[in-house]
Amino acid sequence: MMPASFPGLVDSHCHLDFPEFEGKLGEIREEMQANGVTHALCISVELAGFPKVLGLAERHDNFFASVGVHPDHEGEPVDAARLVELARHPRVVAIGETGLDYHRLSGDLEWQRERFRAHIRAARTSGKPLVIHTRDAAEDTLRIMREEGAGEIGGVMHCFTETQEVADAALALGFHISFSGIVTFKNAGQLKEVARTIPLERMLVETDAPYLAPVPHRGKTNRPGLVRHVGEEVARLRGITLEAVAEATSRNFFRLFNPG
Ligand SMILES: [Zn+2]
Ligand SMILES: [Zn+2]
């Protein structure tokens, strides 16, 4: 159990609606509490699954929801107006996850870029920030963010694995950088350097549960309580306390997503 004075961590990105967690919500919430994880943002990856994501946020005060379609989901066209309509719900605090993924899919991915643009437009109209996923596509991601004025609404580059240069470009657009369990991996030298040097007031932490469990749980099903290991690694890298990381990243989360 964390001491009562612990400021609390927020898992800024998890997928608790996934089948891995069926019937396990009770133990997941207990584990969060035991690790001082006070809140979690449940991330939508497709509109068909959105009601389940929203349901989590409606039933639990400390869960919030996003609305969007993940770049890996082929064949789900979505227009900005539909996203804006769904984002009107007060428990929805973000648009996404959206972005570009040239790793999982190949061929003509113009549909992916068009859908990313639609999400940015929806975010600007609804006034809710973006949760952006980018993989093997940093250049196009940043270009589209600039072309669509993503900096006017802001958001987070989630599960960040890119270079310092990409981090700097995202920061220049006013975006936040979120670190996942990958930062705890031994071979993540370049990423550890980014986590050590970016401004603390632009940093978030996340699990991306059920994926990417941090060391020492690598390879297991990830869950929000384990975000503490991400916070501990960031604290170690920066030579500050876990409390300082928790305090800053939670403050950043509530300032960015401003949940009602
Ligand atoms: Zn993602
Ligand atoms: Zn995700």
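Trainee: Which side chain makes a polar contact with the side chain of His15?

Mentor: A polar contact is a pair of N or O atoms within 3.5 Å; within protein, one must be able to donate a hydrogen and the other to accept it, and residues adjacent in sequence count only if both atoms are side-chain atoms. Here Glu97 pairs with His15 at 3.1 Å. The side chains of Glu97 and His158 are also joined, at 2.9 Å. This is a predicted model: local features need pLDDT of at least 70, side-chain atom pairs count only at pLDDT 80 or more, and totals for chains, interfaces and linings use all residues. Residues are numbered from 1 along each chain as its sequence is written, and side-chain values use heavy atoms, with hydrogens and water left out.

Trainee: What is the peptide bond from Gly96 to Glu97, cis or trans?

Mentor: Most residues other than glycine have a negative phi, and most peptide bonds are trans. The bond from Gly96 to Glu97 is cis, with omega near 10°. The bond from Val215 to Pro216 is cis too, with omega near 10°.

Trainee: Where is phi positive in a residue other than glycine?

Mentor: One case is Asp136, with phi near 55°. Asn258 is exposed, with a relative accessible area of 60%.

Terms used. Chains lettered and ligands numbered in written order. Buried < 20%, exposed > 50% of the residue type's maximum accessible area, 1.4 Å probe, protein only.
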